[in-house]
Amino acid sequence: MTQKVALITGITGQDGAFLARHLLEKGYIVHGVKRRSSSFNTARIDHLYHDPHVEGEPFHLHYGDMTDATNLIRIVQETQPDEIYNLAAQSHVQVSFETPEYTANADGIGTLRLLEAIRILGLERKTRFYQASTSELFGKVQETPQRETTPFYPRSPYAAAKLYAYWITVNYREAYGMFAVNGILFNHESPIRGETFVTRKITRAVANISLGREECLYLGNLDAKRDWGHARDYVDGMWRMLQHDAPEDFVLATGKMYSVREFVELAFSHVGIEVDWRGKGVDETGIDRKSGRQVVAIDPRYFRPTEVELLLGDAAKAKRLLGWEPQVKFGDLVQEMVTADLKLLRSEPDFKGYLV
Ligand code: NDP
Ligand code: GDR
């Protein structure tokens, strides 16, 4: 049997790394698109990469950017993929308020460029296309829990860009008969989550504070609620969507929702700190009950101009048609992330020591 070929944009991100490993384990040849950066940005996938001169090496990287159409056309032409997973994006919601035009270009028009590449090269019948859509599309939620039929109401430049990407994917499916699908994924995390997303920011700070390297964790809205799963489970869902017999859109979620505050409390409990909340609003603080030290404070800079207050997904369709169910529970996810950050930070030099 010939090996299937997959092309992953956003290969250097959290999901790109998990998906690349998943597909390599399934025997795929995997091509990834990485951006040129002034220093190394492949830490998450270095363990998958071997000498490209070895014959039969299944993992290949290509320089590319979602804002560069000719480059995307060339990569698709060279790799002739059976499946494309479009994971590349400026994916930070708060950053999108500061870089709205770039976010629209990379996340919205970038998706169009890739779909057009498939069409220009005449690969509509060969190449299946996965678009990394998001629960942020639901934004100011119109129905809880949110499912495939829930109306969208984006609340950020990021979500508005992803809304365009969602609909252009649906349109290319309907207009050109392409196997193009949206995975509407709720938040999913892991020890390799980007350090500025709230979960990883919390688990890193908890590890740092417990090692005496940091005093206090500064956060924004503690009352935001999210449906948090594990990235490993979610990349398997992406793959299942492209193996399904018909191109359809699917929600992936755990069906459980917790607040940022609850995430903070649980993460600190793993290093023996019991957080006691005092004050209200921007003056709220989290105090370590035993030592009386302040370990959490609010910084209004982290409040968003428009916030998504709660997200809770219903993944019944994915369970029914794809046999997909998340395996990792919230408590285990938090524990895994705190444990990994403790291990990582213990092995990292404390640069303060070099500065005295
Ligand atoms: P990350 O932010 O970890 O990774 C994003 C990836 O996109 C990185 O590889 C990044 O490259 C790349 N990228 C960014 N801009 C460009 C560009 N202009 N051209 C080419 N590559 C680019 O995101 P995740 O792995 O967490 O998420 C993957 C996708 O899924 C994203 O599209 C995200 O919006 C979406 N999503 C994520 C969810 C989650 O909870 N994680 C939930 C729902 C959707 P570099 O390393 O160089 O920065
Ligand atoms: P989100 O993730 O916006 O849901 O987007 P993030 O972890 O950034 O925020 C979750 C919630 O926590 C609140 N919050 C903070 N967030 C950050 N980053 N930093 C803080 O200090 C802080 N304090 C409170 C936020 O206001 C928010 O309500 C993620 C991304 O991966 C998107 O790409 C993806 O589409 C969605 O998840 C589903």
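By class, the shell around ligand 1 has seven nonpolar, 15 polar and three charged residues, where Ala, Val, Leu, Ile, Met, Phe, Trp, Tyr, Cys and Pro count as nonpolar, Asp, Glu, Lys and Arg as charged, and the others, Gly among them, as polar. This is a predicted model, in which local features need pLDDT of at least 70 and side-chain atom pairs count only at pLDDT 80 or more, while totals for chains, interfaces and linings use all residues. Residues are numbered from 1 along each chain as its sequence is written, and chains are lettered from A and ligands numbered from 1 in the order in which they are written.

**Domains and annotation**

- The protein chain is divided into domain 1 (5-189 + 228-252) and domain 2 (198-225 + 258-307 + 329-348), with bounds that come from an automatic or database domain assignment.
- The C-alpha centres of domain 1 and domain 2 lie 30 Å apart, and the contact between them takes eight residues from domain 1 and nine residues from domain 2, two residues being in contact if their C-beta atoms, placed from the backbone, lie within 7 Å.
- On the side of domain 1 that touches domain 2, α3 gives the most, with three residues; helices (H or I, at least four residues) and strands (E, at least two) are DSSP runs, numbered from the N terminus.
- UniProt, in an unreviewed entry, places the feature "domain: NAD(P)-binding" at residues 7-337; such positions are given in the numbering used here, feature names are shortened, and annotations may be inferred rather than shown by experiment.
- Over residues 7-337 the chain is 37% helix and 18% strand.

**Surroundings of the two ligands**

- Around ligand 1 there are 25 residues, of which Gly 10, Gly 13, Ala 88, Ala 89 and Ala 132 are the closest; a residue is near a molecule if its C-beta atom, placed from the backbone, lies within 6 Å of it.
- The elements that give two or more residues to this ligand 1 shell are α1 and β5 (128-134), and α1 gives the most, with three residues.
- Ligand 2 has 23 residues around it, with Ser 91, Thr 134, Val 198, Gly 220 and Ala 224 coming nearest, and the shell divides into nine nonpolar, nine polar and five charged residues.
- Both α3 (93-98) and α6 (198-210) supply at least two residues of the shell around ligand 2, the largest share, three residues, coming from α6.
- Ligand 2 lies between domain 1 and domain 2, because both give residues to the shell around it.

**Helix α1**

- The twelve residues of helix α1 (residues 14-25) should span 16 Å at 1.5 Å a residue, and the end C-alpha atoms are 17 Å apart, which agrees; the expected span is 1.5 Å times one less than the number of residues.
- Buried residues of α1 include Phe 18, Leu 19 and Leu 23, a residue being buried if 20 or more other C-beta atoms lie within 10 Å of its own, exposed if 12 or fewer, and partly exposed in between, with C-beta atoms placed from the backbone.
- The buried residues of α1 pack against β1 (5-9), β2 (29-34), β3 (59-63), β4 (83-86) and α7 (231-243).

**Thr 111**

- Thr 111, found in helix α4 (residues 100-120), counts as buried because it has 29 C-beta neighbours inside 10 Å.
- Not counting residues up to four places away in sequence, Thr 111 touches Asn 86, Gln 131, Ala 165, Ile 168 and Thr 169.
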